[in-house]
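Here is a short tour of some backbone and surface details worth a look. Have the structure open and follow along.

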Amino acid sequence: MHTTKINPTTASRLISGLQQIPGNWALTPVTDNKRPYRENWQRETALTQQALIKELQSGKAFGYGIRTGEVSGGILAIDADGHAAEALLQKLSDGDLPDTVIFSSGKAGRRQLLYFVTEEYWQLIKTVKLKTGVKDDDGKEQLLEFRWNGLQSVLPPSVHPQTGSYHWVRSPQDIEVAKCPNWVIELMLNHQQPTRAPAPTPKPQTPTVIGSPPLEIFLGKDDRALIEHGTGDGGRNMAAQKLSLNLIATSRRLHELGIDHLDLPRVLYDVFCDRCTPPLSSQEREGWWRKADAIAKGPSLDDQKLQGCYAAWMKKYQNHISTTSDLSRKSIVYVDNGLLSTPLSTPNVDNESMIQAIVGNVYTIIESNYSEFFERQKLNSLYHQYKDRVDRKLFESIVSSQRVKVNEVLPEDEIRLKSLMDYSQTRINWDEVLPAPLARDIKHDAEKLNIDPVMIWQALLPAVSSLAGTFTLDEYGGIPAINWTCTVMPSGGGKTRADSLVFGPLRKMQLRADADYKEKAKDYKRAIVQYEKAGDFEATEPEKPGLRKYLFEVATIQSVLKRLSEQGNHGSLWARDEFKGLFSSLNQFSGSETEATELVLKLWDNKPTFVDRADIENSYSIAGTAVSLAGGIQNDVFRKVFKDANDGNGMQARFLFAVPEQRKKKYVPGAYCRLKDRLPVLYEWLDNLTQETVQIAPDAQKYFAKIVDSIGDQIEQISHAGIRTWMNKLDTHILRIALALHLIECFYSPSTTDIKTLSLATLKRAVTFAQYYRSAFHILQEKISTSDDIASIMLQIHAAALSKHPDGISARDVYKDSRPIQNRAKAALREAGAYVADLFEKMAQMGYGSVVRKGRSVRFIAFQKPNFEKGFNDVDNVDNSPECYQETCYSEDKDCLHDRRQSGIVYVDNQNNTEALTDIQCQESQSNSTEALTDIQCQKSQSNSTEALTDIQCQKSQSNSTVDLIGKTVTITAGGRFDGLSGEVIAFDGEQCRVIADGRELWFAPEYLSVT
């Protein structure tokens, strides 16, 4: 029995969400695992809205789902349960998906579309579930479902057990439910195969001249199998009788319907006879054929199905021909023909039609997937039909070209490419994974520096970890606060700007430490002199001071190890602009690159290390190698640094790789970065923390166990050795990221976060980061791969074309330095340029770009996002949260250090799923009215009027204005560790006051400062 109850805040949000849902939709309440709990919910009378509200107020319901089918007035739900299901939906629809109501659970690749089915089909269709053959991370197969009577689909804003809640992509308030497209109705009807009255016999039609379908497509599955494989002794005569009757009857009926076809029935019959074991004798086969010719009456398929087969073939054939024609026409549409050195000539219409006829028939034969010899026979027969007008070389060229189009990129390759493209589009929603103030500052500063925000995070994560010292997470024998990050991008991408911002405060801390060390060294020298002069050897010898190393930059592994031995419980950061230099310097240590590499590998584990020298005085030990690494590497030198693609020593697997989006160079005026002032306070707090062993909360531990099982399942499906090695360390990466996030959250919300316990919410946010890093590493390996895998090749083509946008990439640009492409072209009997052009066309058909022809030159222009995703933004990758620069704190326990806004990613009651207030919900209530505050409109409710104020003008009514606070002594009233502290306001940046208190520089919203 389900006993968990929802909290009142979430229940209120769900009740408000009912306002967006049409009144004629039948809804049923669901639990927190998305299941309806009312008995007989599939057949009961639709609940009234009041009854549903009562269920929500009772705390039992965690949401509600629409009951699909007749009970909701004919609403059909199409549920795409993952990337493979989405790819199948796009393939089936062929672009025919009218704009309609869409919603998503927030998981990657998931969405549901609602359509209205007219009443005439209500009793004829039933639910259809199509398998994709692709398993999800949890081991479940991704399905494409067409939901009808007896099912329900959970609607926004219901609770989702993994993502938090469902979200509208297009809500009923944005758009009406569209009429269901005909292809969906046909698909659902064909899967049920209902009995229908025979269709009236149509009048004979003029046969198509430039292409005809093969006779086999009009046969049943059993008959096609007989032609393909024959049959064994004991069943030959019965099969010959059955097949001959159907071949003759089908051919006759097709001619009566006006449908021409390739192949004579007798030719297919003789193929069957030859493939039997043993083959039928001439007398046997002739006897059965004559008898069938005399008595054959009707085909196995009725007229409706015969015409359906023909229509399906025509659609596929015309799509193929139109694609070829469109690509030809594009050379005229996209190019100024006056620029061509040779004017375009107009081909002979008869010759063009003939070539199109040959191309269409060759495509049909190859696409039919016959056996090798049967296919060769058909192609040879087709050639002899045209041999007087086409030479053999041209015909073979057509065959090779069509074979590439049909066989080079298989459906499983398309699905894999779609998955890779989705990986490449993975982005981090910073508002979901970081405390609100930090997320906002990172996004602001990234915009000012004109870089991808992930570049700032790649520097910040190891910086925070290094200052955490010997903090450990009590799992796997102790997880250290160590993270290694590597940013992969071309030179000049802005990494130096991000590093300067994040590492700048550390450099200042190092300079202070250096100065302090020098003073202590002087004192030590004086103390030693006095100690030696005194000659009292029973006295304690002065202790030699050690240099606190916050930051290593240019250093050898030998010097790093020596300094680490002096750090005690402190950690350090080793920051390199380019990792190539670090790895190139490893052989300077004892002349052995292998030994030095092993020492670097040990740094990641934070284990005791002993360095022995011939001279005992120069030997030393290191209690723990708490050093985090941060650096960058260029794409073209990646494999020179990480030489072993299989990652035998696990060096690659220790890094968290990011592949940032490259921004177009632009000037950004007034590039003030907020983190320049915020980070020193964070770093100081981290540096002064007392070292702790952090425990994982019980619910977080259970969740982590499931994550590890899921990772194990994924590893079993990975063939790439390097990716398998990286995935084997993914669980450890998750815990290391979680520990860093935990400390960050303790800083921003000390009163609501227990520093000794890692929560489930924090662990889930670490998993979100891990998903990004997994995608980035997977894509990185594919882009630097020399494999001849076709999906990898097409991904590399797309990436190369994007870098040259808008001019695109030529076929020569692709194949000139690519041995895999040259090898595949040779195997396909195609010239490399023609082969790449074929791939361009295929990628254009799949929606990844467009093909432009200039004379004989062919170029591919890549789309930033594939066309089939137009209008569908995965909520995992979209940051829709507006900034809000003023809000009221709703909890006395909230710590508003550095910002008055706190988001759900920190202030969540994970036991009760308490909903945190987002920036959109930022409100200030006065005189019985509540107005939402946004970044542009900050409104203040007064007795009967609301005055809109701009972001700059928005002020809280107090006796003293914000400007008046400057120079005043104030007391901090924000709660948390600084509550009650007094200091002086020295500046106001338009959002927050800068306060000097207790020797620290702090930031607070004006409403949390009281004039002393």
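A residue is called buried when its relative accessible area is under 20%, exposed when it is over 50%, and partly exposed in between. By that scale Asp94, with a relative accessible area of 45%, is partly exposed. Please keep in mind that this is a predicted model.

**Backbone torsions**

Most residues other than glycine have a negative phi, and most peptide bonds are trans. Against that background, Asp94 has a positive phi of about 55° although it is not a glycine. Its place is the loop that links α3 (83–93) to β4 (102–104). Asn40 also is not a glycine and has a positive phi, here of about 60°. You will find Asn40 in the loop between β1 (27–30) and α2 (49–58), and its relative accessible area of 41% makes Asn40 partly exposed.

**A charged patch**

Which residues form a negative surface patch? They are Asp138, Asp709, Asp713 and Glu716. Glu716 belongs to helix α23, which covers residues 698–716. Is Glu716 buried or exposed? Its relative accessibility is 62%, so Glu716 counts as exposed, the cut-off for that word being over 50%.

Notes: Residues numbered from 1 in each chain as written. Predicted model: local features only at pLDDT ≥ 70, side-chain atom pairs only at ≥ 80, totals over all residues. Heavy atoms only, no water. Patch = residues over 30% accessible without salt bridge, like charges linked within 9 Å, V, L, I, M, F, W, Y side chains within 5 Å. Areas by Shrake-Rupley, 256 points an atom, 1.4 Å probe, with all protein chains shown as cover. Salt bridge = Lys/Arg side-chain N within 4 Å of Asp/Glu carboxyl O. Lys, Arg positive; Asp, Glu negative; His and termini not counted. Charge placed at Lys NZ, Arg CZ, Asp CG, Glu CD. Helix = DSSP H or I, 4+ residues; strand = E, 2+ residues; numbered from the N terminus. Buried < 20%, exposed > 50% of the residue type's maximum accessible area, 1.4 Å probe, protein only.
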